[in-house]
Amino acid sequence: MKRLLTFAVLLFLALSSFSTEIDITSPAATNVTQTKATLSADFPDASAVHGFQYKYGTIPTRTDFFNYATINTCDPLTFTQGSTAWRSVPRMGWVESPNDDPSSTLNAEFSTNFTLTETTEISFDWQVNSEENIGVLSFYVDGTIVKSITGETEFETVRQSLGEGNHTLKWVYKRTTSENSGLGIGRVKNLNVQNTTAGAWIDAPATSSSLLLEHLYPSQDYIFRAYSSSGGEMVYSTIQPFKTKSISLGNPTVVNTTQTTATFECDVNPGDAEVQAGFIFNYYCPLKLK
């Protein structure tokens, strides 16, 4: 009983220390009009310096593979699979190479391509479970192998500094023979890539969990994220998109036409935008040739 109690206490302490990790959740854009939007998020400490950042832009659609290959604050990325695809494992929170037949040979890869706006350190965790030098998990940057692991390893963190510009990251798991005493599997999780969205972030400090943005442009794509300095370190939420509403114009019509005058009509619904509306027209005058 004493051993069981000790284990329970240690488990509780471990879970308690894990749960104190700073996290900003539920970023959302609501009440979006032609020129305004309300940004909100659940901040871990409302008394700390916090707010939102936004700019023009769009982001790729997040897939299940993205959700389990990355940390929740990673910039949105698009992943490409090789002929033998990796798969997401939701219950474990990672992606892994297929292991339906661990005794067979295998060449499975996935990759992502992006453009960095500044020099950035990317990171991820990986693990392999295979027979030494039979199953090998390799990490490539722009076509060059940076590091490989083999055998039975625990998850370890890889960090790599990348310069401004376009980059391709690729992970490849190879089993070179059917003689394999391990599980024959590679795993990747917690990929963190930042600074992939063009343009400078506009800072919008907040004093509560929400903030009203004004003076936006109609029919414009925006992205935003929440931030907090709670715990002495700047923490960001996931990046989210929103789009302002457009100004509605009906079909123009011509009424009350005479020999020299005409009246133009058109329904204009600018919402809360201030607009100048008018008409542009031209006319045709036939020429008489002598």
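This is a predicted model: local features need pLDDT of at least 70, side-chain atom pairs count only at pLDDT 80 or more; totals for chains, interfaces and linings use all residues.
F52 is buried, with a relative accessible area of 0%.

By the ring-centre rule, the count comes to 18 aromatic pairs. One of them joins F52 to F224 in a tilted arrangement, at 6.5 Å centre to centre and with 55° between the planes. This pair links distant parts of the chain, since F52 belongs to strand β3, residues 50–56, and F224 to strand β16, residues 221–228, 172 residues apart. F224 is buried as well, at a relative accessible area of 1%.

Next, Y54 and Y222 also form a tilted pair, with 6.3 Å between centres and 55° between planes. Because Y54 lies in strand β3 and Y222 in strand β16, this pair ties together parts that are 168 residues apart in sequence. Both Y54 and Y222 are buried.

Which residues form one aromatic cluster? They are F65, F66, F79, W86, F110, F124, W126, F139 and W171.

Two lysines also involve rings. The charged end of K170 sits over the ring of Y140, 4.7 Å from its centre, and that of K189 over the ring of F155, 4.2 Å from its centre.

Let me turn to the sheet. Three strands form an open sheet in the order β1-β2-β15, with antiparallel pairing. Its edge strands are β1, residues 25–30, and β15, residues 210–213. From one strand to the next, the twist averages 15°. Four bridges join β1 to β2, residues 37–42. T25 has D42 as its bridge partner, and A29 stands opposite L39. In the hairpin of β1 and β2, with six residues between the strands, N31 takes a positive phi near 50°.

Notes:
Residues are numbered from 1 along each chain as its sequence is written. Side-chain values use heavy atoms; hydrogens and water are left out. Two strands pair if DSSP finds at least two bridges between them. Helices (H or I, at least four residues) and strands (E, at least two) are DSSP runs, numbered from the N terminus. Axes are lines fitted to C-alpha atoms, for helices over the stretch in contact, and angles run from 0 to 180 degrees between N-to-C directions. Rings of Phe, Tyr and Trp (its six-membered ring) pair if their centres lie within 6.5 Å; planes under 30 degrees apart count as stacked, over 60 as edge-to-face and the rest as tilted. Buried means under 20% relative accessible area, exposed over 50%, partly exposed in between (1.4 Å probe, protein chains only). A charge sits over a ring if NZ of Lys or CZ of Arg is within 6 Å of the ring centre and within 35 degrees of the ring normal.
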